[in-house]
Amino acid sequence: MLTLDHLLRFGRDNVIRVELGAHDDSQWCVITCSIGNEILEVGRPLGSAWGRRIADKVRSLDASRLVTNAVNGLLAATDVLLGTSPTDEPFDINVILSKDGVSAFGASELVTRRTEETHSQADVCGINYSEARYALDAQLFPEHILVGSETFPGALDVLWELVERHPQVIGDIAWTAWDHLGEAGVGRPSMPTTRTNRPRRTGLGSERLGGAGSAPPHACRSPRHDTTGEHLAG
């Protein structure tokens with residue numbers, strides 16, 4: 001998957017300057033071009049206009065690969081979430097993501113309305129943390145192809161069953177499969193004051209740096225999943 005960072009940079013004149021190198025044409029493992037992940041402007045006129053513009057530009061340069069955009073429905077409704085939060089509690093998307101009902105909110109009528117335009121621009125609709133949309137979108141948008149572009153690794157045993165149940169869902173990509181060092185905090189730009197600046201493990205990987213794996217991902221590993229090539233797992 002090629003990402004926005006790899007494909008594009010924006011000049012002072014706000015013109016998209018695409019840097020798709022010729023070498024990318026021979027990389028058969030690249031099946032999609034992602035134009036974004038959890039873009040804050042999704043659900044707003046500016047985001048819709050630029051999303052369409054970028055998607056069309058990428059297709060004009062490489063029609064052989066599918067365009068995707070990983071959408072977090074909660075970010076499309078931050079104004080509503082902020083309005084329902086206590087005024088003395090800072091807004092933290094990671095805290096909200098960890099609460100019960102996050103997937104159900106992602107399948108709400110509000111999120112459906114605000115993300116419809118963005119999803120219509122993509123060949124493969126990326127769904128972040130809203131697996132409740134799988135069955136719903138099969139009814140509302142039967143023409144849509146979906147992928148779980150970010151999901152919790154601790155729920156992979158349940159999520160993979162959903163992938164197999166819904167034919168329009170082509171796979172699941174857990175955040176994160178491998179634990180890693182150096183991130184200040186998952187989804188945060190700075191280190192909390194109670195921690196040092198030493199490299200730390202995030203503690204979220206289904207495969208830990210020491211090699212031990214957690215139960216749900218290993219429960220998903222059967223020969224049927226590994227050899228058919230019907231679904232994408234990451």
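Biologist: Leaving aside its neighbours within four places in sequence, with which residues is Gln168 in contact?

Modeller: Contact means heavy atoms within 4.5 Å. By that rule, Gln168 touches Tyr134, Ala138, His144, Ile145 and Leu146, its neighbours within four places in sequence being left aside. Please note that this is a predicted model, in which local features need pLDDT of at least 70 and side-chain atom pairs count only at pLDDT 80 or more, while totals for chains, interfaces and linings use all residues. Residues are numbered from 1 along each chain as its sequence is written, and side-chain values use heavy atoms, with hydrogens and water left out.

Biologist: Where is Gln168 found, and is Gln168 buried or exposed?

Modeller: Helices (H or I, at least four residues) and strands (E, at least two) are DSSP runs, numbered from the N terminus. Gln168 lies in the loop between H8 and strand S7 (169-174). A residue is buried under 20% relative accessible area, exposed over 50% and partly exposed in between, with a 1.4 Å probe and protein chains only. The relative accessible area of Gln168 is 11%, so Gln168 is buried.

Biologist: Which residues of H7 are buried, and what do they pack against?

Modeller: Arg133, Tyr134 and Asp137 are the buried residues in H7. Because they fall within an arc of 95 degrees when seen down the axis of H7, they line one face of the helix; the arc is that of the directions from the helix axis to the C-beta atoms. These residues of H7 pack against helix H5 (102-106), helix H6 (109-120), S5, S6, H8 and S7.

Biologist: Which residues make up the largest nonpolar core?

Modeller: A nonpolar core is a set of buried Ala, Val, Leu, Ile, Met, Phe, Trp, Tyr and Cys residues joined through side-chain atoms within 4.5 Å. The largest one here has 11 residues: Cys125, Ile127, Tyr134, Leu146, Leu156, Leu159, Trp160, Leu162, Val163, Val169 and Ala174. At least two residues of this core come from each of S5, H8 and S7, and H8 gives the largest share, five residues. Leu162 is in contact with Glu131 and Tyr134, if neighbours within four places in sequence are left aside. There is also a second, separate core of six residues, among them Cys33, Ile35, Ile54 and Ala55.

Biologist: How many aromatic pairs does the count give?

Modeller: A pair of aromatic rings is described by the distance of the centres and the angle of the planes. Rings of Phe, Tyr and Trp (its six-membered ring) pair if their centres lie within 6.5 Å; planes under 30 degrees apart count as stacked, over 60 as edge-to-face and the rest as tilted. The count is one aromatic pair. The ring centres of Tyr129 and Phe152 are 4.7 Å apart and the planes stand at 40 degrees, so this pair is tilted. It links distant parts of the chain, 23 residues apart: Tyr129 is in the loop between strand S5 (124-128) and helix H7 (133-140), and Phe152 in the loop between strand S6 (146-151) and helix H8 (156-165). Tyr129 is buried at 6% relative accessibility, whereas Phe152, at 38%, is partly exposed.

Biologist: What is the phi of Tyr129?

Modeller: Phi of Tyr129 is near 60 degrees, a positive value in a residue other than glycine. Glu38, not a glycine either, has a positive phi of about 50 degrees. Glu38 sits in the loop between strand S3 (32-37) and helix H2 (45-61).
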